[in-house]
Amino acid sequence: MNSIDWYREEFVQYLSEKVKTKEPANLYDPMIYILGLGGKRVRPVLVLMAAEIFGSDPKKALDSALAIEIFHNFSLVHDDIMDDAPLRRGKKTVHEKWDVNTGILSGDAMLIKAYQLFENYEGETFRELAKLFSKTAIEVCEGQQYDMNFETREDVTIQEYLKMIEYKTAVLVGASLQMGAIVAGASEENKKRIYEYGRLLGIAFQLQDDYLDAFGDPETFGKQVGGDIIENKKTFLYLTTLDTAAAKVALQLEHLYSINPPDARAKVETVKSLFESSGAAELTRREIEKYTQKAFQVLEELEISEEKKTLLRNFGQGLMDREV
């Protein structure tokens with residue numbers, strides 16, 4: 001088996017070869033820009049790793065890996081427009097660097113480019129990849145719509161929130177692994193199980209992201225701590241606090257989420273103390289552990305060697321620890 005660094009380097013090299021500027025420049029330059037902003041390339045790495053785990057040359061999965069990465073970045077371009085976000089990975093977002101219309105059109109072209117890459121596979125492999133991609137793409141859109149709906153709803157449930165993060169984040173992790181398995185010609189059971197591993201791990205990862213947004217170390221988290229609180233986002237921590245806290249505490253939290261003070265430091269610290277005192281912080285930590293362990297349990301059912309199971313487990317743990 002190759003190393004994570006090897007998968008990442010092979011993918012980045014392939015990306016640079018396949019995605020090049022051409023006319024009209026305003027359509028293609030934004031694609032190159034967003035794809036060049038970096039990131040850890042987790043999803044394409046998972047495609048290549050899964051292909052090799054199930055006995056294929058990982059280079060045969062490069063087109064699937066590129067499709068996943070282009071689709072993921074397409075969704076970021078459009079999400080940034082919807083959120084009116086000025087920055088992405090510390091750089092100007094596409095619609096800020098160009099304009100909104102360019103961002104919309106370039107994003108549309110990225111989605112089409114992602115689909116085109118599956119044309120490099122034949123027969124049943126093409127059909128399976130395209131079918132999985134279509135299912136995943138529409139689920140990601142549904143997840144984004146749920147997320148937007150929640151901004152104006154006051155009756156969001158914990159189960160609805162879990163469904164939203166599954167669709168918006170976790171299904172793409174599961175699909176990345178399953179695409180590698182499809183390219184490798186894995187058994188139906190292994191394809192289903194590797195998808196489930198990724199889906200569960202993706203939910204755990206997003207729950208942890210929510211938790212770290214409030215309680216993470218600013219030096220290692222990579223984002224502004226307390227950002228979700230400042231933006232009044234109804235995260236798992238928020239919903240769990242409302243569900244478990246006394247009525248007086250719940251009312252206080254709802255009030256804090258209705259205001260936007262110029263200096264939000266006091267608001268952030270007060271909300272965090274409510275998350276802790278209500279027990280929501282501890283319940284969130286347990287939920288993260290529950291989904292992580294469920295994912296690792298699925299690994300035991302895979303029909304692969306113990307060495308390969310360990311590789312997947314270590315990658316999953318590294319993902320949760322923000323080390324890969």
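## Close-up views of helix contacts and local backbone features

**View 1. Helix α15 passes helix α16 in a right-handed crossing.** A crossing is right-handed if the near helix is turned clockwise from the far one by less than a right angle, and left-handed if anticlockwise. The model is predicted: local features need pLDDT of at least 70, side-chain atom pairs count only at pLDDT 80 or more, and totals for chains, interfaces and linings use all residues. Residues are numbered from 1 along each chain as its sequence is written, and side-chain values use heavy atoms, with hydrogens and water left out. Helix α15 covers residues 280–301 and helix α16 residues 306–320; their axes come within 10 Å and cross at roughly 165 degrees. Axes are lines fitted to C-alpha atoms, for helices over the stretch in contact, and angles run from 0 to 180 degrees between N-to-C directions. Helices are DSSP runs (H or I, at least four residues), numbered from the N terminus. α15 and α16 are therefore roughly antiparallel to each other (angle over 145 degrees). I288, T292, F296, L299 and E300 of α15 meet K309, L312, R313, G316, Q317 and M320 of α16, where contact means heavy atoms within 4.5 Å. The residues of this contact divide into five nonpolar, three polar and three charged. Ala, Val, Leu, Ile, Met, Phe, Trp, Tyr, Cys and Pro count as nonpolar, Asp, Glu, Lys and Arg as charged, and the others, Gly among them, as polar.

**View 2. The axes of α3 (residues 42–53) and α4 come within 8 Å.** They cross at roughly 160 degrees, and the two helices are therefore roughly antiparallel to each other. The crossing of α3 and α4 is right-handed. On the α3 side the contact is made by R43, P44, V47 and L48, and on the α4 side by L62, S64, A65, I68, E69 and H72. Six of the residues in the contact of α3 with α4 are nonpolar, two are polar and two are charged.

**View 3. Helix α7 spans residues 123–150.** Its 28 residues reach 41 Å from the first C-alpha to the last, close to the 40 Å expected at 1.5 Å a residue; the expected span is 1.5 Å times one less than the number of residues. Among the buried residues of α7 are L129, L132, F133, V140 and F150 (buried: under 20% relative accessible area; exposed: over 50%; partly exposed: in between; 1.4 Å probe, protein chains only). The buried residues of α7 pack against α4 (62–83), α6 (100–117), α8 (158–184) and α9. Q145, also in α7, is partly exposed, with a relative accessible area of 39%. The C-alpha atoms of Q145 and I70 are separated by 20 Å and lie 75 residues apart along the chain.

**View 4. Helix α9 (residues 188–215) has 28 residues.** It reaches 40 Å from its first C-alpha to its last, close to the 40 Å expected at 1.5 Å a residue. Of the 28 residues of α9, 22 are buried, so the helix is largely enclosed by the rest of the structure.

**View 5. A cis peptide bond joins E23 and P24.** Omega is about -5 degrees. P24 is in the loop between α1 (4–18) and α2 (25–35).

**View 6. N232 has a positive phi, near 60 degrees, in a residue other than glycine.** N232 lies in the loop between α11 (227–230) and α12 (236–244). At 16% relative accessibility, N232 counts as buried.

Note on methods: Parallel < 35°, antiparallel > 145°, perpendicular 65-115°, else oblique.
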